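Visitor: Before we look at the model, I would like each label you use to be set against the value behind it. Could you take me through it in that way?

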There are 2 protein chains.
Amino acid sequence: MSKPLIFAVPKGRILDEALPLMARAGVVPEAAFHDKSNRALSFACEGSDMQIIRVRAFDVATFVAHGAASVGIVGSDVVEEFAYADLYAPVDLAIGHCRLSLAQPAGQAQGGSHSSHLRVASKYPNLTRRYFERQGVQAEVVKLSGAMELAPGLGLASRIVDLVSSGQTLKDNGLVEDAVILQVSARLIVNRAALKTDERVAALVDRFRALVAQEKAA
Amino acid sequence: MSKPLIFAVPKGRILDEALPLMARAGVVPEAAFHDKSNRALSFACEGSDMQIIRVRAFDVATFVAHGAASVGIVGSDVVEEFAYADLYAPVDLAIGHCRLSLAQPAGQAQGGSHSSHLRVASKYPNLTRRYFERQGVQAEVVKLSGAMELAPGLGLASRIVDLVSSGQTLKDNGLVEDAVILQVSARLIVNRAALKTDERVAALVDRFRALVAQEKAA
C-alpha cells in the first residue's frame, strides 16, 4: 500500500469556493470535515486513500513546499509572498478572486506623494518590500497578522498593504486604495519532487486543469 | 482634550481571564465588545476615554512596541519571542498560565538523542532557535502559524515547539513533551516612552500591580 497522498486546503475565504471544484475532481472530504465543532486538522477522503489537512493559508504553502503535503490549494498572494523554489503552481483555479492593494487614509495625498521613507503595515512583508523597491521608495514594513486597517488611525503606519475584495473594510475604516499590487486568485499548488515521483499528483493536476478549461468553455 | 489612551487585548485564550481583572482596574469595554457578530476591532471603554483594540496576540505586542497602543495584555511567550526594546512588561498578571514546550512523537528517543541537525516546527522561531543554541544543537525552524501538531506525522519536522496547557492536544496527536522551554503567564505590557510621558499609563500599571498583590495576599 502506498502512502496516502496529502492534500492541503486553507481555512476561510477560499475553501467554500474550492469544495465544489474539489468534488468534481474526486476530492471529497469525509462528513466530519463539515462539522464545525470538530477541531481535527486531518480528514479522510471519500473513496480514495487521500488525506485532507485543513490549515491556515500560509501554512498550506509551507506544508507543500516541504513535501509534507503533495498538493494544496492556496491564493496566489501566498504563493508570491513565499516564492518557495520547491512549490509549483500549475493551475489557476479561477476562484477566490481578490486583490492585494496599497491603501491609505482617505484624506492623505495619493501615489505621487510617497515620501522617501515610509512605514507600511502588512501581513505580506516580502510583497510589500518588493513593490516599494520597484518604486524606488524605502519602506519599513511592520508585520501584522491581522487588523491592518487599525494601523493608520493609530499611527502605526501611514499605509497598509492588504487583501481587498469588496473594499467595504477599507471604507469602514476611512481608507482608500492607492494601487493594486497583485490580482489574486486561488491556485492548485504541488510539491515539485512529488509531481515528478508520484503519478497521483500529476493525475490530479491534469484533472483540475481539465475542469478549469471546461468552466472557461462553458 | 487629550488623545484617548489605547489599550490592546488579545483575541482568544487569555481574554476571558483578563476581563474580570481589567474590570477591577476600571477598564470595561462597551457592550458591543461582547457581541460575537460584531467584527469591529476597536471599542469604547465605559466611563473613561480609553479605547480598547482587540487584535491577535502577536499584534498586541507590535502595537504596543511601536507606541500605537500605550498599554496591552499579552502572554510572556509573545513578549519573549519578540524581545522589543520599547516594550516593557512590568506586571505579571498571574493568569493565562501555560508553558512553551518542545514535543516529539511518543515513540522517538528522548532529549539526549538530539542529532546535530534537526528540523523543528514552531510559531516561535526566535525562542526555538535560542533554546537550541543553548543546547549546542543546530536547528532549522519551520515557521507555522498553527497546526504544529500535524508536522511530525507528515514529516515536516521531527519536533515541535508549541504552547501546552492540559497536554491533551499533544496526546491526541501521539506527541510527548520533551522539555519545557518557558513557563508562560499573561503580562501587562506598556510602551516605554508612553510610560514616561503619559501619567495615565503609570497609573494603570500601579492599579494592576496593586490588584495582583491583593490577589496573592488573599
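This is a predicted model: local features need pLDDT of at least 70, side-chain atom pairs count only at pLDDT 80 or more; totals for chains, interfaces and linings use all residues.

Visitor: How do you know whether B:A147 is buried or exposed?
Guide: The label buried requires 20 or more other C-beta atoms within 10 Å. B:A147 has 25 C-beta neighbours inside 10 Å, and therefore counts as buried.

Visitor: What makes B:A83 buried or exposed, if the count is made in that way?
Guide: A residue is called exposed when 12 or fewer other C-beta atoms lie within 10 Å, and B:A83, which has 12 other C-beta atoms within 10 Å, is therefore exposed. B:A83 belongs to the loop between helix 3 and strand 5 (87-92) of chain B, and its phi, near 50°, is a positive value in a residue other than glycine.

Visitor: Why is A:K196 called exposed?
Guide: The limit for that label is 12 or fewer other C-beta atoms within 10 Å, and because A:K196 has 11 other C-beta atoms within 10 Å, it is exposed. A:K196 is part of helix 6 (residues 192-197) of chain A. Between A:K196 and A:G155 there are 41 residues in sequence and, from C-alpha to C-alpha, 49 Å in space.

Visitor: How do you know that the buried residues of helix 4 of chain B are on the same side of it?
Guide: In helix 4 (residues 125-134) of chain B the buried residues are B:L127, B:T128, B:Y131 and B:F132. They cover an arc of only 125° around the axis, which is why they are placed on the same side of helix 4 of chain B. An α-helix has 3.6 residues a turn, so residues three or four places apart point the same way. On the other side of helix 4 of chain B, the residues B:E133 and B:R134 are exposed. Among the elements that cover the buried residues of helix 4 of chain B are helix 3 (76-82), strand 6 (98-105), strand 8 (138-143) and strand 10 (175-184) of chain B. Just after helix 4 of chain B comes B:G136, with a positive phi of about 70°.

Visitor: What makes a set of residues a nonpolar core, and which residues have the most contacts inside the largest one?
Guide: The members must be buried residues of the nonpolar kinds listed for a core, joined through C-beta atoms within 7 Å. The largest nonpolar core has 67 residues, and those with the most contacts inside it are B:F7, B:A8, B:A61 and B:V64. Helix 2 (residues 57-65) of chain B gives the most to this core, namely 7 residues. Another core, of 66 residues, lies apart from it and includes A:I6, A:A8, A:V190 and B:A157. Leaving aside residues up to four places away in sequence, B:A61 touches B:V74, B:V78, B:V79, B:F82, B:Y84, B:L87 and B:I189.

Visitor: Why is the relation between the chains called a two-fold axis?
Guide: Chain B is superposed on chain A by a rotation of 180° with 0.0 Å of shift along its axis, at an RMSD of 0.0 Å, and that is the relation of a two-fold axis. The same surface serves both copies, since 100% of the contact residues of chain B recur in chain A. Of the residues of chain B, B:S145 comes closest to the rotation axis, its C-alpha being at 4.8 Å.

Visitor: Which domains is chain A divided into, and how many residues take part in their contact?
Guide: Chain A is divided into domain 1 (6-96 + 185-217) and domain 2 (98-183), whose centres, taken over C-alpha atoms, are separated by 29 Å. Their contact takes 5 residues from domain 1 of chain A and 7 residues from domain 2 of chain A. On the side of domain 1 of chain A that touches domain 2 of chain A, the residues divide into no nonpolar, 2 polar and 3 charged.

Key:
Residues are numbered from 1 along each chain as its sequence is written. Chains are lettered from A and ligands numbered from 1 in the order in which they are written. Helices (H or I, at least four residues) and strands (E, at least two) are DSSP runs, numbered from the N terminus. Two residues are in contact if their C-beta atoms, placed from the backbone, lie within 7 Å. Copies are superposed by least squares on the C-alpha atoms of residues with pLDDT of at least 70 in both. Domain bounds come from an automatic or database domain assignment. Ala, Val, Leu, Ile, Met, Phe, Trp, Tyr, Cys and Pro count as nonpolar, Asp, Glu, Lys and Arg as charged, and the others, Gly among them, as polar. The arc is that of the directions from the helix axis to the C-beta atoms.
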